[in-house]
Amino acid sequence: MKSATLMLTLAIAAGWTAQGASAQTLKTVKDRGVLSCGVTQGLPGFSAPDDRGNWAGLDVDLCRGIAAAIFNDATKVKYVPLSAKDRFTALQSGEIDVLSRNTTWTLSRDTSLGVNFAGINYYDGQGFMVRKALKVNSALELNSASVCLQTGTTNEQNLADFFKGNNMKYEVVAFSTADEVVKAYESGRCDAFTADISQLYAERLKLTTPADHEVLPQVISKEPLGPLVRHGDDQWLDVVRWTLFAQVNAEELGITQKNVDDQAKSDKPELKRIFGTDGSLGEQLGLTKDWFHRIIKATGNYGESFDRHVGPGSKLGIARGLNQLWNKGGIMFAPPIR
Amino acid sequence: MTGEARRPPLMLRAKLRRALGGQAGWSGFALQVVLVVALAWIGHEIIDNARDNLATQKIASGFGFLWSTAGFGVSQTLIPYSESDTYLRVLLVGLTNTLAVSIVGIIFATIIGFMVGLGRLSSNWLLSRIAGAYVELIRNLPLLFQILFWYLAVLAALPQPRQSINLFDSVFLSNRGFGMPKPIGTEALAPFAIAIGIALLLVVALRAISQRVLFATGRQIVIWPMVLAALIGLPVLTVFIFGKPWTLDYPVLRGFNFSGGMRMVPEFAALAIALSTYSAAFIAEIVRAGVQSVHKGQPEAGASLGLSRGDVLRLIVVPQAMRVILPPLTNQYLNLTKNSSLAVAIGYPDLVSVFAGTTLSQTGQAIEIVAITMAIYLAISLITSALMSVYGWRMSRSMGT
């Protein structure tokens, strides 16, 4: 009921107040003094409260980066936890300024929801998790299985496509929050749990004995995940997009949270442009000259963020894979800052 | 029974006359016109404004999405459905699922509620205390908690399909739900169904005859052996003539799950159990209040006429109590139907879950979908209360008031 009421309020709010919220988001955020960032209801590695109760993760680092670029203070973020099915309405209605919540970029979302994707901060694909005891080695052996998933995701349609395409039967059991899916899967209500592979690894940590479960090797879809903003505010789209690009470019240039202060003093023309000692790239974004410096100082570069939250340095321990930089065998690529 | 006779609830002419001013005359009528115009204007402004905003935000609008392909699966459907069907079909699937769980819930809530309510009034100390404890326990716990309790604590504790509890190789209980044989009609089904129809007509006729005889002569005819003979005898006769009216398709464990047969998913069971036991606690209190509202002189008068206790209850107390019971009972039915939307917490594919949930997040058309959902719930509620008023009116008429 709570979520139904929320949907209704948001739907009405979307109708009434949309115009005020659609343009000049940057100014609104500056005036408000805090960035409102939509995140998950708790997905380790991407956005979840850490041991001290602070939100942390790859998606959260983007919120922190934007806040740092605007306020020079990465803590000036109000995190709004959203379920998969409420997230777009929250963005449309102006409740949040940016949605940084492992959301797949698709054509229909880009065109019909009144939103714009700002980039891709994680290349993922959909997979399946099963109990090891089932002795299933491939997703193709899942004929007639019950599959649990979270509703309101691209996973729902991919699953239907996959089973139909392989002429297999299945039963889908859909829940509105990820925690409900985990509970149902753990209780044995379903044979398999489907989600983006990164999410499966993260949710596996919530199970009583994670070692009893395995993620099957098949990847049944492309899931480019990234942040998004409301349609019709190009300046704000640029701010979000270039915060992400700043993090990726910093890794490529070898600029880290530690060495960023030294690098800022460099005489190299490229670095002078990036750090704002030459030119006015930051002001063109509606930010300050030292925007890049602020972001990296607060969150580190993309690689650091990845290692800290999802990579080998984290509990998830996911390999870089596709998310490695383009010049190191992956496809993570950011346009140049110039 | 004194006082004015109750008007039939759907008497349109009287309603219309009252609506057009009533006692206030033309000034009242004028005032109503002003109100209607004002409301229409506000409604128009809201719709217009929302449409403009959606257009500037480039959010798709309109009802065309109902005809595009849904592309996602649903675990339980009462009408045929596949992923290649449209969102309109999803709407119907959700609606039928909501209606199914509401109707089952209402039937069981009524039965349990009446039993507990009458039990609480019973002179048997133990029975009345048990009924009292049931009411106090159930109505003081949140409904969502009870739904989750049935789903996660009771039904999820059932074994996996491969170790399912097996009754006579035909009923299987597992944490995937209850598998039962599914009857598939044969050519003999039609005569069988006709025989049942004829038997029912016979029963109605017998009742009418016995009542007429009772009123004319005061003599009571025992009709139940004839009723039983008609209800069982006629259909059985067709089986001898035409053969079995149906064959059974048994559920068989194949791969991960049972295939064939009928299956009730645990989400449905948990929701139906929780909704009916929860509402039953409230209905029990309503029944108790209704029965206690009947003056004690009434059953005493019945007893002094020599009626049995059952007849006193059936013929004197319950009909009078129903006048007090019906309005709040209708509220409970409406609550139960609306509460079925808590299904979303346990993944039962009801209207809110598949339409106002999945469809909404896939199409993003919040305004249209919320409007359709509201309209449907409103219609279900209005139809329920209309049926209940018709029932109440018929009942008070049959009592001769």
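**A friendly note on chain B and its neighbour**

1. Let's begin with helix 5 of chain B, which covers residues 143-155. At 1.5 Å a residue, its 13 residues should span 18 Å, and the end C-alpha atoms lie 17 Å apart, which agrees. The expected span here is 1.5 Å times one less than the number of residues. Helices (H or I, at least four residues) and strands (E, at least two) are DSSP runs, numbered from the N terminus.

2. A word on what you are looking at: this is a predicted model, in which local features need pLDDT of at least 70, side-chain atom pairs count only at pLDDT 80 or more, and totals for chains, interfaces and linings use all residues. Residues are numbered from 1 along each chain as its sequence is written, chains are lettered from A and ligands numbered from 1 in the order in which they are written, and side-chain values use heavy atoms, leaving out hydrogens and water.

3. Back to helix 5 of chain B, which bends by about 25 degrees at Phe149(B). A bend is the angle between axes fitted to the seven residues ending at a residue and the seven starting there. The buried residues of this helix are Leu143(B), Gln146(B), Ile147(B), Tyr151(B) and Leu155(B). Buried means under 20% relative accessible area, with exposed over 50% and partly exposed in between (1.4 Å probe, protein chains only). An α-helix has 3.6 residues a turn, so residues three or four places apart point the same way. Among the elements covering these buried residues are strand 10 (170-175) of chain A and helix 10 (309-339) of chain B.

4. Now compare helix 10 of chain B. Helix 10 has 31 residues, but its end C-alpha atoms are only 37 Å apart, short of the 45 Å that a straight helix would reach. Have a look at Ile325(B), where this helix has a kink of about 45 degrees, shortly before the proline Pro327(B).

5. What does chain B look like as a whole? Its secondary structure comes to twelve helices and eight strands. The C-alpha trace spans about 80 × 75 × 50 Å along its principal axes, and 41% of the 401 residues are buried. Among contacts (heavy atoms within 4.5 Å) between residues at least 6 apart in sequence, 67% join residues at least 24 apart.

6. Next, the record. UniProt, in an unreviewed entry, places "domain: ABC transmembrane type-1" at residues 95-388 of chain B; such annotations may be inferred rather than shown by experiment. Over that range the chain is 69% helix and 10% strand. UniProt also lists transmembrane regions, including residues 26-47 and 221-243 of chain B. Residues 26-47 are 100% helix, with end C-alpha atoms 31 Å apart, while residues 221-243 are 83% helix, with ends 35 Å apart.

7. Finally, the open space. The largest pocket holds about 1200 Å³. On a 1 Å grid over the protein atoms alone, a pocket is an open set of points with protein on both sides within 12 Å along at least five of seven lines, and lining residues have an atom within 4 Å of a point. Grid points are joined across faces, edges and corners, and a volume is the space filled by probe spheres set on the points. The pocket has 36 lining residues, and those nearest its centre include Tyr170(A) and Arg263(B). Strand 10 of chain A and strand 3 of chain B are among the elements that give two or more residues to this lining.

Key. On a 1 Å grid over the protein atoms alone, a cavity is a set of points where a 1.4 Å probe fits but cannot get out, and a pocket is an open set with protein on both sides within 12 Å along at least five of seven lines; lining residues have an atom within 4 Å of a point.
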